[in-house]
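I opened the model and kept short notes on what I looked up. The entries follow in the order I made them.

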Amino acid sequence: MRPPSVIVCCTGARTIIRGPVSTFFEEIKNYVGFGPRDSACLKVLLGPAQEEFHRIADHFYELIFRHPEAKRAISGGEEQVQRLRHTLVEWMRSGLAGPHDEAFYERRARIGRVHVAIHLPQHFMFTAMNVMRIDFRSVVERSFGHDPKQRRAVDDAIDKLFDLELAIMIQTYSEDSEDRLRRRERLATIGQLAASIGHELRNPLGVMGSSVYLLRRKLEGHPEVGRHLDRISTQIDNCDDIVTNLSSMARDRTAKWQVLDFDALVADCLEALELPASVEMRTGVRVTQPSTGDRILLRQVVTNLARNAVQAVASLGGEVHVEIIGDSEKVSISVRDTGPGFDLDLLPRVFEPLVTSTARGTGLGLSLVARAADRLGGKVVAVNRPSGGAEVRLEYAPRPAE
């Protein structure tokens, strides 16, 4: 959020100064009536409340984990839970300590965006935060019950603080909804264009493929010509892949759930890849219970991710790891490599259509993976690994077979 600015308008010989422009955070503080007196009351509460922070954090995540849909969002096991508890304790401390300025807003907004990124349903978050508000009011009652005037002032400050926190949270989820809408509009436009391009290119590509086949039969005794025909054939296949991806962008099919053999799925995907001698492919499938998915969507996911990873390490050599871990409640598909990793400037946008860092890339592969994740009701993340290289991980909750 930008700091307040001053608008200066020049109209003819007059200069009009319209004063500072309020930020979102200033507007909501004014709306709930939060001011310096409330900040001072919260600082007074900080001392007695600190002893309760861990108990309140435990209660918060106890509520979150009662709901399977919310629990699925926290997929990193006990280690992630401990990190989140530590973050929540610091969130409570800084909420009382302040200062409640624009930097405070930015820190809160970052936390909200993390909740959005891990697909934590907002209705569970809001309910749990309101229970936390009640926990804080209990602390106020125990600490200032002997002084009704002080208790009312601190109670009011707590209510205003949580109103601010919820407003910031709503804002981050709203930003995500607006981003999703813009992406859908962009995808719809690309889809219309893709359908037209795909239809127009299929026929000429088919003619070229047939011509290469006939020329190959006529010129069997000319190896030099054969090598050129091989290059033409490879480029035709590349064009055909692009048309296929464009057509996939245009289609809006729903997931068709069936019990899958994930070992066979991975083998099928990797068989279609051209693996350079410089790349070592490693796979691991550990699905402990029969699990479901959409074979077409998941084949698209594994193929695109594996192809991207192979291209990332092909020039210098390296490893690509394809791993699927799952059971009847969750399936996680991970593809990682030992390449240079994602360009940091592009990393936040890698799942957008037509975004690519390679000269030969079309920018469709990862956007197709993101669309598959949406259709499966799952989530997909892309990161640069601390040890080097990139990783893309898709997770979803299996549904009953149709």
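**Surface.** I looked up the accessible surface of the protein, and it comes to about 22400 Å². Carbon and sulfur atoms hold 54% of that surface. Areas come from the Shrake-Rupley method with a 1.4 Å probe, and for residues only the protein chains shown count as cover.

**Ground rules.** I noted that this is a predicted model, in which local features need pLDDT of at least 70 and side-chain atom pairs count only at pLDDT 80 or more, while totals for chains, interfaces and linings use all residues. Residues are numbered from 1 along each chain as its sequence is written, and side-chain values use heavy atoms, with hydrogens and water left out.

**Overall build.** I found 12 helices and 9 strands in the protein. These are DSSP runs numbered from the N terminus, helices being H or I with at least four residues and strands being E with at least two. Of the 402 residues, 41% count as buried. Buried means under 20% relative accessible area, exposed over 50%, and partly exposed in between (1.4 Å probe, protein chains only). I also looked at contacts (heavy atoms within 4.5 Å). Among those with a separation of 6 or more, 73% join residues 24 or more positions apart.

**Two glutamates.** I checked glutamate 52, in the loop between α2 (36–50) and α3 (53–65). Is glutamate 52 buried or exposed? Glutamate 52 counts as buried because its relative accessible area is 18%. Leaving out residues up to four places away in sequence, glutamate 52 touches Val139 and Arg142.

I then went to glutamate 329, in the loop between β6 (318–326) and β7 (331–337). Glutamate 329 has 61% relative accessibility, so I put it down as exposed. From glutamate 329 to serine 291 is 38 residues in sequence and 8.1 Å in space, C-alpha to C-alpha.

**Cysteines.** I searched for disulfides (pairs of cysteine sulfur atoms within 2.5 Å) and the count was 0. Cysteine 41 is buried, with a relative accessible area of 9%, and cysteine 269 is buried at 0%.

A cavity is a set of points on a 1 Å grid over the protein atoms alone where a 1.4 Å probe fits but cannot get out, and lining residues have an atom within 4 Å of a point. The largest cavity has about 60 Å³ of space. Grid points are joined across faces, edges and corners, and the volume is the space filled by probe spheres set on the points. Its lining includes Trp91, Arg108, Phe136 and Glu165. I noted that α5 (77–97) and α8 (148–218) each supply at least two residues of that lining.

Notes. On a 1 Å grid over the protein atoms alone, a cavity is a set of points where a 1.4 Å probe fits but cannot get out, and a pocket is an open set with protein on both sides within 12 Å along at least five of seven lines; lining residues have an atom within 4 Å of a point.
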